[in-house]
Amino acid sequence: MRSTRNGAVTGTSLAGERIVAADSTARVLVAVTARALRDADCADLGHPWALTRLRGAPEAVRRAAVARAAARVALRPEQVDRVDAEGVAQWLVGQYPERDYPGVLLGSPHGAAAHLAVALGVPWLPAAFEVTAHWPQGAVHDPVAALAHGAPLAARLRSANPDVHVRQVHCPASRGVLAGATVSFGVRWQRLPEAYARFLAERLAPGAPLLLLRDARTWPVLDSGAGHSFQAGCPGSGLDPVDFHPDSRTLRQVLRSAGAETDRWETPAVSCAPGYAEHAVEPGFELSLRDWAHRGGRPLHRVLFGDPDALSAATADLYRRWLRRAGKTGDRCVVECGRLLDPWQVVRAGLVPYWCENATRRSVAGAEWWLAGSDPFSSVDVLPEPPGMQSPALAGLPQWLAVASFGRLRRALDRTCARGFPVNAVPTRRATEVLRAQPCDLPVPPPMRVTDALAALRDSGTRKSLLVC
């Protein structure tokens with residue numbers, strides 16, 4: 001181990017803050033959840049490359065600036081073997097207040113998990129973290145070259161951290177020009193990190209339950225069998241695996257939007273049937289967590305979702321029930337997207353949160369279907385996160401406006417997010433700025449009991465393809 005108990009870095013290891021990709025969903029979710037448990041909002045959370053000065057610049061200039069900014073914050077290849085997965089785990093748990101908790105959520109990254117954790121008054125801990133490494137002379141249109149560059153880096157990372165699996169993802173549809181400037185690794189723990197085990201032993205109340213969230217989506221995978229696997233494209237792109245075939249018209253549109261060549265795409269041969277995608281939980285992690293819970297006499301519950309919309313809808317329904325039981329209306333909704341969320345401001349204002357994984361048509365349609373099937377809301381505020389790139393899978397502003405139109409009295413689409421959508425990035429604190437304008441609905445309801453949350457998720461899961469066991 002190369003990190004001390006308090007998270008200090010020893011030897012040549014990098015700090016956790018330097019290792020974990022600045023724009024990764026898991027990093028943002030830990031940050032917003034930890035702040036909410038301190039009764040603080042997210043006014044200090046920005047965006048690693050929100051290049052506001054380039055608004056209105058030619059597309060080629062903007063793409064080049066984004067690629068340079070991403071390369072600056074990515075790890076240099078010679079730094080990869082200085083990644084300390086145990087140190088990252090210590091850095092993550094160190095963000096939470098030092099007090100006893102009535103439970104914990106762990107597993108796949110999902111914005112609804114942060115809201116659920118805040119309602120329960122518990123931390124959320126990821127089962128993996130994302131690392132990006134600089135790819136000099138990289139090419140968006142060349143996943144074979146991405147694999148050739150990433151495989152030795154993954155081997156170096158694993159040589160220093162043998163208890164992890166490295167999933168490399170090359171997805172121009174979700175990363176745009178960044179897919180040619182950096183290689184992206186999902187570093188998944190294959191056992192419960194020691195820092196997590198210490199945190200749980202010291203901070204969980206006796207008999208406190210553990211909830212493991214698992215993203216069960218699948219994708220074609222090339223698995224080398226050496227702790228490194230590769231996938232071209234991802235579920236979060238809003239596309240299907242067939243859309244990443246060289247003959248796909250959609251793929252050509254994606255590559256053209258990223259300024260890449262459209263006729264040179266070739267993917268490595270898939271080695272197995274579709275496996276779990278990049279946000280899955282490693283079986284070894286779950287087994288290790290189960291063993292830890294069994295030894296301590298603590299119950300472990302699993303929540304599996306094959307569609308992120310299912311967990312978003314179930315959590316929104318749960319929030320509405322929680323608020324109404326506390327004597328509040330539960331009649332105002334906020335539709336969040338990606339990194340644009342602030343759980344503390346949501347509970348302060350007594351809002352019902354629905355989280356869209358991203359700004360794709362598929363994800364936004366999930367919000368529309370949920371709103372259409374719910375009791376009407378008096379107000380609906382919508383925070384569409386611009387992905388910073390063009391893609392044929394993205395929802396247009398008319399579809400976002402259709403989401404807002406479900407509000408009976410107030411229908412608000414944030415103008416800052418809409419201005420320059422989808423290419424102008426917006427910092428996380430924009431959600432805080434918008435939600436601060438909502439009237440207070442204090443006091444905050446008392447924390448929900450885990451048993452009540454599980455019952456609500458089970459009830460919703462029977463209709464929304466959510467498995468609670």
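How many bridges join β11 to strand β16, and in which sense do the two run? Three bridges join them, and the strands run antiparallel. Strand β16 covers residues 466-468. Please keep in mind that this is a predicted model.

Let me stay with β11 for a moment. Strand β11 spans residues 300-305, and five of its six residues are buried. It also pairs with strand β6, residues 210-215, this time in the parallel sense and over six bridges.

Next, a sheet. This one is open, has five strands with mixed pairing, and its order is β3-β5-β4-β9-β8. Strands β3 (128-134) and β8 (222-223) are at the edges with a single partner strand each, so one side of each has no neighbour in the sheet. Inside the sheet, β4 (residues 164-170) pairs with β5 (residues 182-189) in the antiparallel sense, over six bridges. As one example, Val169 has Ser184 in β5 as its bridge partner. Helix α6, residues 143-160, packs on this sheet and touches β3, β4, β5, β8 and β9. The direction of α6 makes about 160° with that of β4.

Now the nonpolar core. In soluble globular proteins, nonpolar side chains tend to be buried together. The largest nonpolar core here has 102 residues. Those touching the most other members are Leu105, Leu106, Phe129, Trp189, Tyr196, Leu210 and Phe285. Helix α2, residues 25-37, supplies the largest share of this core, with nine residues. Take Leu210 as a case: leaving aside neighbours within four places in sequence, its contacts include Val104, Leu106, Leu200, Leu289, Trp292 and Leu300. There is also a second, separate core of 25 residues, including Phe377, Leu394, Trp400 and Ala404.

Last, a pair of helices. What angle do the axes of α5 and α11 make where they cross? The axes of helix α5 (residues 111-120) and helix α11 (residues 308-325) cross at roughly 25° and come within 9 Å. That angle is under 35 degrees, so α5 counts as roughly parallel to α11. The crossing of α5 past α11 is left-handed. On the α5 side, the contact is made by Ala112, His115, Leu116, Val118 and Ala119. On the α11 side, the residues are Leu311, Ser312, Thr315, Leu318, Tyr319 and Trp322.

Methods:
Residues numbered from 1 in each chain as written. Predicted model: local features only at pLDDT ≥ 70, side-chain atom pairs only at ≥ 80, totals over all residues. Heavy atoms only, no water. Pairing = 2+ DSSP bridges. Helix = DSSP H or I, 4+ residues; strand = E, 2+ residues; numbered from the N terminus. Contact = heavy atoms within 4.5 Å. Axes fitted to C-alpha atoms, helices over the stretch in contact; angles between N-to-C directions. Core = buried A, V, L, I, M, F, W, Y, C linked by side-chain atoms within 4.5 Å. Buried < 20%, exposed > 50% of the residue type's maximum accessible area, 1.4 Å probe, protein only. Parallel < 35°, antiparallel > 145°, perpendicular 65-115°, else oblique. Left-handed = near helix turned anticlockwise from the far one by under 90°.
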